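Thanks, everyone. I have one structure to walk through today, so please look at the screen.

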Amino acid sequence: MKWSKALSITAIGAVGALALAGCSSGDGGSGGDSGGSGGSGDGDYSLAFVQGVAGDEFYISMQCGIEAKAEELGVSVKTQGAKQFDPALQKPLVDSVVASSPDALLIAATDQSAMQAPIEAAANSGIEVVLVDTTVEDPSFAASAIASDNYGGGEAAFEAIEEAHPEGGKVLVVSIDPGITTSDARAEGFEAAVAENDKFESVGIEYSHNQPDEAARIVTAALQRDKDLVGIFAANLFAAEGTATGVQQAGRDDVTVVGFDAGPAQVEQLRDGIVQALVAQEPASIGEQAVEQAVAALNGEDTTAEIQTGFTVITQDNIDGEGGEAVYQSSC
Ligand code: T6T
């Protein structure tokens with residue numbers, strides 16, 4: 001099974017993005033010592049990257065892309081992430097980053113509504129904001145928002161389950177928390193594909209709060225309740241790790257597990273046959289493009305309001321080839 005898709009929405013909001021860039025371009029924001037105009041990277045800009053959570057291989061891979069591009073363009077970057085994927089922990093981190101006045105902030109918002117005001121405050125203080133991965137309810141203040149085709153990835157996850165179970169049956173989604181734009185879109189894409197297929201029935205979406213143990217507990221209970229489940233879509237790395245554990249502990253190798261993301265532990269579960277497919281994002285590419293957009297905004301150049309990156313579906317058939325190239329990094 002191979003799906004690979006890459007889209008770049010370059011036309012959307014070009015005028016708006018230019019207008020936003022015009023608000024704070026040239027002098028690099030409130031606290032920067034940059035003076036660049038003209039070519040990328042001559043501004044000596046300082047960038048801050050705030051991850052959704054520290055220690056997550058998705059954000060580590062994004063950090064690798066950010067650092068590589070920052071070095072290429074001659075700008076500095078400082079990365080921080082809270083210990084949990086939790087807006088209550090991310091907000092004070094953002095407040096302190098804003099107080100340190102970087103020229104640009106690259107950030108994965110942990111909640112579309114709770115993080116709206118803190119991130120918008122950064123933009124209002126003259127910092128160029130690039131939203132990476134997740135977004136907020138109204139991202140119009142941002143120079144750019146860069147994310148995977150999460151809805152399409154959810155649809156592809158359903159296709160993988162359908163391929164393994166052409167006879168149909170019950171399916172479950174294990175997600176993170178409601179209000180996270182990425183996992184919500186994945187679940188939406190998956191559920192829409194299920195609804196279009198008469199042979200399948202969704203038993204719903206459950207939330208594991210980004211904790212593998214909680215995902216395993218959900219799956220254990222779900223398999224006891226609905227013994228005829230044929231497939232589970234786990235909408236992110238930690239949900240997938242826990243889902244695989246739950247299915248394995250129940251001894252249910254007839255249940256197809258498709259996980260979003262492709263950390264090394266998930267790949268091991270794929271190789272072991274506990275997980276049948278992984279939808280791998282392109283975090284390094286998101287990071288590289290985020291730096292490019294931030295530097296363009298700081299230089300007063302056009303930015304792209306919305307950029308969509310692709311995904312690769314990894315299975316045992318392609319893990320030693322194309323699929324293997326999509327696996328996330330644990331360190332740069
Ligand atoms: O799936 C990624 C990311 O896209 C999502 O927004 C949050 O979870 C991950 O970081 C994986 O753990």
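Let me start with the lining of the second largest pocket. Its residues divide into five nonpolar, five polar and three charged. That lining has 13 residues. Bear in mind that this is a predicted model.

Which residues lie nearest the centre of the second largest pocket? They are Gln281, Glu282, Glu325, Ala326 and Val327. The space in this pocket is about 180 Å³. Two helices each supply at least two lining residues: helix 10, at 283-298, and helix 11, at 322-325. Helix 10 gives the most, with three residues.

Next, the cavity. How many cavities of 30 Å³ or more does a search of the whole structure find? One. The volume of the largest cavity is about 120 Å³. Its lining is made of 13 residues. Nearest the centre are Asp56, Tyr59, Asp133, Ile176 and Asn236. Helix 2 supplies at least two residues of the lining, and so does helix 6, which spans 181-195. By type, the lining of the largest cavity divides into six nonpolar, three polar and four charged residues.

The structure holds one. For this topic, recall that a disulfide is a covalent bond between the sulfur atoms of two cysteines. Here the partners are cysteine 64 and cysteine 332, with their sulfur atoms 2.1 Å apart. The link of cysteine 64 and cysteine 332 is left-handed, with -95° about the S-S bond. What does the pair tie together? Cysteine 64 sits in helix 2, residues 57-73, and cysteine 332 in the segment after helix 11, so the bond joins parts that are 268 residues apart in sequence.

Strand 2, residues 46-50, runs parallel to strand 3, and five bridges join them. Within that pair, leucine 47 stands opposite valine 77 of strand 3.

Over to you for questions.

Conventions
Residues numbered from 1 in each chain as written. Predicted model: local features only at pLDDT ≥ 70, side-chain atom pairs only at ≥ 80, totals over all residues. Heavy atoms only, no water. 1 Å grid on protein atoms, 1.4 Å probe; cavity = no way out; pocket = protein on both sides within 12 Å on 5 of 7 lines; lining within 4 Å. Points joined across faces, edges and corners; volume = space filled by probe spheres on them. Helix = DSSP H or I, 4+ residues; strand = E, 2+ residues; numbered from the N terminus. Nonpolar A, V, L, I, M, F, W, Y, C, P; charged D, E, K, R; others polar. Pairing = 2+ DSSP bridges. Disulfide = S-S within 2.5 Å.
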